[in-house]
Amino acid sequence: MPMNKNRSGMSRALVRRETTAGYLFLLPSLVFFLTFVVYPMVMCIITSFFDSNMGKNTQDVFIGFGNYIELFQDPIFRGALKNTFVIVLVSVPVVMIFSLWVANCIYDMKPWLTSLFRVVFYLPVVTGSVAVTVVWKWMFNNYYGIFNYILKALGIISKPINWLGDPKYALGCIILILLTTSVGQPIVLYVSALGNVDQSLVEAAEVDGANHRQVFWKIKWAQIMPTTLYILIITMINSFQCFALIQLLTSGGPLHSTDTIMYYIYYTALKMSRYGYGNAMGVILMIIIAVLSGIQFKLGQSDS
Amino acid sequence: MLGQKSKASKAIEFIVILIIALLFTFPLYWIVTGAFKTAKEVNSTTPVWWPYEWTMANWEKLMGKLKAPLFEISIPFSQYWSEDGAPIAAVTGATVPAAIRWMINTVFMAVAAMLLTCLTSALAGYSLAKKRFVGRNLIFTLIVCAMALPKQVILIPLIREMSSLKFYNTMAAVIFPIVGWPFGVFLIKQFAESIPGEILEAARIDGAGELKTFNTVVFPMIKPGVGALAIFTFISSWNDYFMQLIMLSSTKNLTISLGIAKMQAENATDYGLIMAGAAFASVPIIVVFIIFQKYFTKGITMGAVKG
């Protein structure tokens, strides 16, 4: 309403001035955004219909849906798709539940304690994927790793397990590391959301004799729903994009047992120079994420 | 009765959280102590929880292995006419350990990305929040859609674009896509919404030009948002491993994360050396994070809490 009033009240010269100024302020940002985000996104879609490699002297050949048809017949891609979904299906619920629990425990502590715990749970993110990965690689090592030592000392295993070299365990190890690097942001978000819950509602419910559990589920849960939805989407996107851990720990091995879509895109585009094929996978990944985000968004809206 | 029970369960909860928190800090502890362990301690089958004798051997190896010039200032745009497509260096610094050069590259990259992102986002966020013009909603929709898509998917097409622009294997190839990512614009827009229109109106009536209004009225009001964005961009670009991996190739151009990954690939089992590298790469950014963590958490939460 106020906007309409404002617009009708503006003189033509003022409108022109607003438009020019608006675009001039936008311009620097827009140049970078269009050149380095929108353009590559469009190119990703276009080249996915071409047989294209990174060579300088070769021409791209239009092959229609050729790349997509080949994709669905590619057993490695299907394996990568399966692994990606396993990672998402395990890590998303665990991250959500764990971070909500931690946040609920720490948000009403003394401020310095809340800060301290928040920093600690965020540490693996800030440490950086390379540093985190190399230390875990050492901890998982067959001979010198502490995992095998501890499990042997406790008598759980009798001979060392080759964690990252065994298709049975490798994906599990990656998920474990991914979990430690994924809970930081959700905890920060939940702590802030829980801190913003309307205290008068909580007090009113307590006066009415509601216990902690009831207060949590009936009052707080409803109020932090938008945050939950946001965390769900970002955690899902992050899990779908799991790359650095794979590249540094296992390179998709052993026997492609830890390939994810993102790693397989990197592998086909850069190691096999099959650029168009890699981009077709990128498009599939975009579609999957867009559809899942859309569904979650719709569900979240109908809930509230 | 209820209060008492919750007190006891609270204490148990606290202890459990404390234990988990300690586990979360363990990898970092293992990096830092590992960096000072002797080769024998590192390769011991019984873990050495605390180094018996602190050694600098790993650090000497880290600094001695690879060498690179301290800095190179190249002739602007020289990549467009040089024979091999690489920029021509006008001034080259003294030869130093490559790890030092990697650190300089990383700091340069993160600071440049931070400054450019803050500048462009502050201007654009203000414009989208407070200016009324045709196409505004379209641009904003485009930004929101782009943010919902996986960022890493565009990196593969970016490689080809960067090579044709002759940015490949330069810091520009890493910095520009970070600046282009519209999260900052979105964040500042949320923040700038709260600037009262009357103040802007008053500035205009006083005869202040657009730039002057931005400098004296708008910027002071969005400063906390810009601060949060700055620290957020600094840390996330420092750790943006995938982008650095595909854009940078020659030893002297690596970032510290890439350099450590490279060392790890070449000396897979020399854990002492690798831990020294990991400590060198991560401790500075952790210190930055701890100092600015208040602004940082603000940056994260502001992006999420949508009006």
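These legends describe close-up views of a predicted model.

**View 1. The contact between chain A and chain B.**
Both chains contribute to this contact: 77 residues come from chain A and 73 residues from chain B. On the side of chain A that touches chain B, helix α2 (residues 12-47) of chain A gives the most, with 21 residues. That side of chain A has 55 nonpolar residues. It also has 19 polar and three charged residues.

**View 2. Helix α9 of chain A.**
Helix α9 of chain A runs over residues 184-195 and has 12 residues. From its first C-alpha to its last, α9(A) reaches 17 Å. That is close to the 16 Å expected at 1.5 Å a residue. Is this helix mostly covered or mostly uncovered? It is mostly covered, with 10 of its 12 residues buried. The buried residues include A:Gly184, A:Gln185 and A:Pro186. A:Ile187, A:Val188, A:Leu189 and A:Tyr190 are also among them.

**View 3. Helix α4 crossing helix α9 in chain A.**
Two packed helices are described by the angle between their axes and the distance between the axes. Here the axes of helix α4 (residues 75-106) of chain A and α9(A) come within 8 Å. They cross at roughly 45 degrees. The two helices are therefore oblique to each other. The crossing of α4(A) and α9(A) is right-handed.

**View 4. The residues where α4(A) meets α9(A).**
From α4(A), the contact is made by A:Val95, A:Ser99, A:Leu100, A:Val102, A:Ala103, A:Asn104 and A:Ile106. From α9(A) come A:Pro186, A:Ile187, A:Tyr190, A:Val191 and A:Leu194. By class, the contact has 10 nonpolar and two polar residues.

Most residues other than glycine have a negative phi. A:Leu255 lies in the loop between α13 (244-249) and α14 (261-271) of chain A. Its phi is near 55 degrees, a positive value in a residue other than glycine. A:Leu255 counts as exposed because it has 11 C-beta neighbours inside 10 Å, and 12 or fewer make a residue exposed. A:His256 is also placed in the loop between α13 and α14. The phi of A:His256 is near 60 degrees, again a positive value in a residue other than glycine. With 19 other C-beta atoms within 10 Å, A:His256 is partly exposed.

Methods:
Residues are numbered from 1 along each chain as its sequence is written. Chains are lettered from A and ligands numbered from 1 in the order in which they are written. This is a predicted model: local features need pLDDT of at least 70, side-chain atom pairs count only at pLDDT 80 or more; totals for chains, interfaces and linings use all residues. Two residues are in contact if their C-beta atoms, placed from the backbone, lie within 7 Å. Helices (H or I, at least four residues) and strands (E, at least two) are DSSP runs, numbered from the N terminus. Ala, Val, Leu, Ile, Met, Phe, Trp, Tyr, Cys and Pro count as nonpolar, Asp, Glu, Lys and Arg as charged, and the others, Gly among them, as polar. The expected span of a helix is 1.5 Å times one less than its number of residues. A residue is buried if 20 or more other C-beta atoms lie within 10 Å of its own, exposed if 12 or fewer, and partly exposed in between; C-beta atoms are placed from the backbone. Axes are lines fitted to C-alpha atoms, for helices over the stretch in contact, and angles run from 0 to 180 degrees between N-to-C directions. Angles under 35 degrees count as roughly parallel, over 145 as roughly antiparallel, 65 to 115 as roughly perpendicular and the rest as oblique. A crossing is left-handed if the near helix is turned anticlockwise from the far one by less than a right angle, and right-handed if clockwise.
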